[in-house]
Amino acid sequence: MTEHFFNFKLLVKFQRYAWRGLFLMLTSAMVLAMVGNPFAERLAWLGVLLALVATVAKVVILAEQFRRSRLYRHWLLAYTLLIILASIVLIRLLFS
Amino acid sequence: MIPNELVVFVLCGIGAGLIGGLLGVGGGVVLVPLMAVFGGIGVREAVPVSLTAIVASSFAASNSYLKKGMVDLELTVIIALVMVMGNITGSYLSAVVPSDVTRLALTAVLLFTSVQLLVGKGSRSVSTLERIRHDRYPFCVVLALFIGALAGLIGIGGGELLTPLLSLVGGVSLSTARGTSSMVIGFSAAAACAVYFLNDQINLSILPPVVFGMIVGAKLGSILGTRARPWMVKSLYVAAAIYLSQQLSWHVIEAWW
């Protein structure tokens, strides 16, 4: 891999923000649930949404870093992964 | 939720996250039974919570490995793609292949990898690993497809098979195999998690304590994993493989007996 061009720090930073954000949201949801606040479930729902959106963003970041590194085959594969994951979700939703 | 229940779910999450982070596996095979036994919830309710927790903890676990350069990102994309395709094939094949046969096949693979890890060659030089990796790249892809299919047949993530097989066959060091696997499982779990999420099947009152515990456990596990000696990781993997084999095949063998 042409590591010179691949911005690992961006991916590390993104993942750090993602897990810390998730941790903060779900810990807050847990505390709110303990005190009986009805907003707890809404916050947990937003937490799941954040996890899914962050996963999509992670694939996009990976793909774009591959493009920057001129690893075009991997760039295409990363977007193919995203399309296949989205297709699985759609197929299961529509035909289950 | 009463505080006692909350503590139980947090502890379940910590236990599964620790094992998952340390071995580079999802932890679902540990978390689901733990929640069912100690949390008193059904497997159908536990699986969506477990998958969501795996997606969340994968961010924390793989980041520690990524920082130490223990994730092969090129391999991650290819393996994730092929494993997901294998998973789809496996889930369709599950209607045709008897589940007992699949369970025994998975047990055989788990026991084989355990024995190979214990008696196999020790650490190899970087140049040797590079050469093996280059030679076996296509084989690695086929292997990922097979692991994905097998995992899809049983309904597990597949990290338990991916880590040792990448290390034994793929010419990847055990530490890189763990890091790569912890990243891959995040992608495959996300698709299943999205389906449950859109169908409103995730229990949102259990989820926060489980994810809280799982992230704490995964972070601790991955920090320990980047420092742990290979023999410790191998021993832990063998213990986990024996446990999983027993869970998978005991009732099949008992029925035959």
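In the predicted model, helix H2 (39-68) of chain A and helix H3 (residues 43-67) of chain B are packed with axes that come within 10 Å and cross at roughly 55 degrees. Angles of 65 to 115 degrees count as roughly perpendicular and those under 35 degrees as roughly parallel; H2(A) and H3(B) are therefore oblique to each other. The crossing of H2(A) past H3(B) is left-handed. On the H2(A) side, the contact is formed by Val48(A), Ala51(A), Ala54(A) and Thr55(A), and on the H3(B) side by Thr52(B), Val55(B), Ala56(B) and Phe59(B). Six of these residues are nonpolar and two are polar, while no charged residue takes part.

Between the two chains as a whole, 36 residues of chain A are in contact with 38 residues of chain B. Three elements of chain A, namely helix H1 (8-34), helix H2 (39-68) and helix H3 (72-95), each give two or more residues to the side that touches chain B. H1(A) provides the largest share of that side, with 15 residues. By class, the side of chain A that touches chain B consists of 28 nonpolar, five polar and three charged residues.

Chain B contains 10 helices and zero strands. For its 257 residues, a compact globule would have a radius of gyration near 18 Å, and the 17 Å of chain B therefore agrees with this expectation. Along the principal axes, the C-alpha atoms of chain B fill a box of roughly 55 × 45 × 35 Å. Buried residues account for 55% of the chain B residues. Of the contacts in chain B between residues at least 6 apart in sequence, 84% link residues at least 24 apart.

Definitions and conventions
Residues numbered from 1 in each chain as written. Chains lettered and ligands numbered in written order. Predicted model: local features only at pLDDT ≥ 70, side-chain atom pairs only at ≥ 80, totals over all residues. Contact = placed C-beta atoms within 7 Å. Helix = DSSP H or I, 4+ residues; strand = E, 2+ residues; numbered from the N terminus. Nonpolar A, V, L, I, M, F, W, Y, C, P; charged D, E, K, R; others polar. Axes fitted to C-alpha atoms, helices over the stretch in contact; angles between N-to-C directions. Parallel < 35°, antiparallel > 145°, perpendicular 65-115°, else oblique. Left-handed = near helix turned anticlockwise from the far one by under 90°. Rg over C-alpha atoms; globule rule 2.2 N^0.38 Å. Buried ≥ 20, exposed ≤ 12 C-beta atoms within 10 Å, placed from the backbone.
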